[in-house]
Amino acid sequence: KEKEEEGKEEKKEEEKEEKEKEDVEDEGLEIPEFIEKYLDLLEEKISKLESTASETKVKGQQPPEDDPLFFKVVRQILKLYKDLSAPIKPESKQGPLINRICGIHFRALCYLEDEFKYLLEELRNVEPDPKQEVAAAAAADQGTEAGEGEDRPAEESKLQEYSDQVLAHMNKIAMEMISGGHEFECREIYMTCRMHIIGETLKNLGFEKISIDDAQKMPWELLERDIPPWITIFKQCANVHFPAERKLAETIFSGHPSLYETIITNLARGLFIQFLNFPEAAAFCKLTTEKLFKFLDMYEALRDNLFAIDSVFPQECANELRTETTTCRCRIGESAICIFCDLENSIKSDTGKTPVAGGAVHPLTRYIMNYLKYACEYKDTIEQVFKDHSKIERADSTSRPRDYESRSLKYKKNDAGEDRPPFQEQLMRIMDLLDSAIEAKSKLYKDISLSCIFMMNNGRYMLQKIKGTVELHKVVGDNWCRKRSSDVRNYHKSYQRETWTKLLGCISNHGLNVRGKVVKPVLKEKFKSFNAMFDEIHRTQSTWVVYDKQLQSELRVSIASVVIPAYRSFLGRYSQYLDPGRQTEKYIKFQAEDIETYIDDLFDGNPGGKKT
């Protein structure tokens with residue numbers, strides 16, 4: 001115990017001697033008097049800067065030019081703090097001096113923080129007109145299509161947001177803050193300000209933040225209205241804003257690549273989540289045929305602007321954003337293919353039993369053919385969608401049609417015997433279904449002649465749409481067009497047989513001559529039957545409709561070429577057997593020229609035609 005007590009006493013003596021030695025060293029370290037005066041001047045300088053900056057910000061004036069001497073002083077005081085804080089302990093007699101130096105340095109950095117924030121928020125150039133931004137995005141989009149890609153300085157299309165003077169000032173401030181140990185504060189100020197500025201810019205362009213839940217509750221009409229602005233803004237961000245944002249970060253944080261890459265990565269993630277929420281929500285809404293083309297527009301926007309991700313963002317961030325964008329694009333693509341395949345159900349569900357008045361083109365024919373015509377304007381995109389969709393087997397995929405892989409061999413080959421792509425197969429299936437549906441609807445007409453007119457109208461309409469659309473014609477092929485033209489001619493023949501052949505039967509020679517003499521009662525009855533039947537045909541078929549002027553003309557010419565010569569011949573041969581006067585007026589109601597005039601009234605959709 002005595003030895004332990006002696007050991008403790010010796011240890012206390014050693015610690016006391018060590019402390020006295022350190023105190024002597026501290027007291028022996030001479031601190032020049034001008035240091036205190038120097039610190040007084042610094043505090044006065046910072047106070048003046050804070051006061052001047054405050055007045056300038058209140059008045060909204062341009063701040064004075066940055067003082068190179070001030071930045072030099074900030075560096076000097078940091079060096080002074082580092083030099084003195086090593087040999088002097090905070091609890092020593094010189095500790096208050098160290099604390100004062102530290103406080104002045106902190107105050108200087110806080111002033112720089114305020115200046116940095118002010119420069120970022122308040123000294124931006126006037127924002128460009130949204131129309132100019134749209135034009136810049138369009139130019140960038142054309143550059144993408146032309147394959148210029150990474151070589152195109154897209155950010156130059158955007159008005160420089162800060163003057164060169166302001167950029168240089170912000171760069172100096174950022175460098176001082178980073179070297180002074182305030183890198184985190186500098187980064188947070190920059191990201192907060194830029195995120196707010198970008199958000200305001202997008203808002204001015206018409207972009208509104210929307211969650212998936214909110215979008216799913218919106219009526220389609222409102223969601224559809226927001227799709228074109230979303231596409232425009234997405235293109236602008238990909239081709240204009242993001243490249244400009246990277247250039248700005250590189251300029252302000254030059255010499256610190258890891259820092260500006262972290263900044264642009266964090267900014268991009270936040271914005272992309274906002275952007276992708278919109279198409280994600282649209283993909284989960286109820287799918288109907290009229291939504292296809294808006295879906296394809298979004299699909300193309302997501303597909304065609306991926307290059308900007310690779311050229312602007314750091315590799316790891318680019319890979320992440322590309323994956324997110326591709327997943328969203330695939331979901332849009334799956335929805336699009338489901339919508340297009342569901343066009344079959346639109347045809348099958350049209351079960352109306354009321355025939356179209358006058359045998360006109362059925363609304364279903366107009367809708368489907370215009371839909372396919374418009375779809376073929378997106379032919380390359382839709383074919384890519386079908387192709388990519390067939391490769392996707394995600395666990396959460398529910399949009400694949402059940403019979404997607406069991407298509408009939410009937411649609412597999414084109415005219416050249418080559419396999420059709422899946423989209424073209426589906427289109428031919430739809431054309432075939434439309435044919436069957438229209439043929440079924442033709443049976444709703446009790447009048448066979450009107451049924452033939454209906455089939456001619458619809459067949460000719462389909463041919464016109466196909467021949468007038470290059471891409472649709474390529475898909476359908478010449479063989480289909482020739483068959484459809486042949487069908488229209490056959491319906492023409494059937495119509496002529498059902499209507500005009502029967503009329504000509506009224507003025508045949510059968511039963512007129514008995515033992516070489518004309519039987520007048522039979523002749524009178526023939527004229528009477530012809531008049532009554534022609535009146536009925538004219539009254540009825542002048543209300544029928546043939547909108548295609550060429551088909552209308554072909555029908556009238558073919559009718560006139562058959563009826564007028566036969567009637568003129570019959571009239572010339574037998575009119576002499578009727579007594580002139582009352583009898584002639586009673587039974588010869590039409591001259592050949594009258595027949596021609598009345599034929600020209602047919603298929604105009606006018607009750608009674610031009611007849612008075």
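Predicted model: local features only at pLDDT ≥ 70, side-chain atom pairs only at ≥ 80, totals over all residues.
Ground rules. Local features need pLDDT of at least 70, side-chain atom pairs count only at pLDDT 80 or more, and totals for chains, interfaces and linings use all residues. Numbering runs from 1 along each chain as its sequence is written, and side-chain values use heavy atoms, leaving out hydrogens and water.

Start with the cores. A nonpolar core is a set of buried Ala, Val, Leu, Ile, Met, Phe, Trp, Tyr and Cys residues joined through side-chain atoms within 4.5 Å. Buried means under 20% relative accessible area, exposed over 50%, partly exposed in between, with a 1.4 Å probe and protein chains only. The largest core has 124 residues. Which members touch the most others? Trp-230, Phe-313, Leu-427 and Tyr-495. Domain 2 (183-346) and domain 3 (363-393 + 422-601) each give this core at least three residues; the bounds come from an automatic or database domain assignment. A second, separate core holds 30 residues, including Tyr-118 and Phe-253.

Now the rings. Phe, Tyr and Trp (its six-membered ring) pair if their centres lie within 6.5 Å; planes under 30 degrees apart are stacked, over 60 edge-to-face, the rest tilted. There are 30 aromatic pairs. Take Phe-293 and Tyr-374: centres 4.3 Å apart, planes at 40°, so tilted. Phe-293 is buried at 10%. Tyr-374 is partly exposed at 36%. Trp-230 and Phe-313 also belong to one aromatic cluster, with Phe-272 among its other members.

Last, His-169. His-169 is buried, at 10% relative accessible area. The C-alpha atoms of His-169 and Phe-116 are 8.6 Å apart, across 53 residues of chain.
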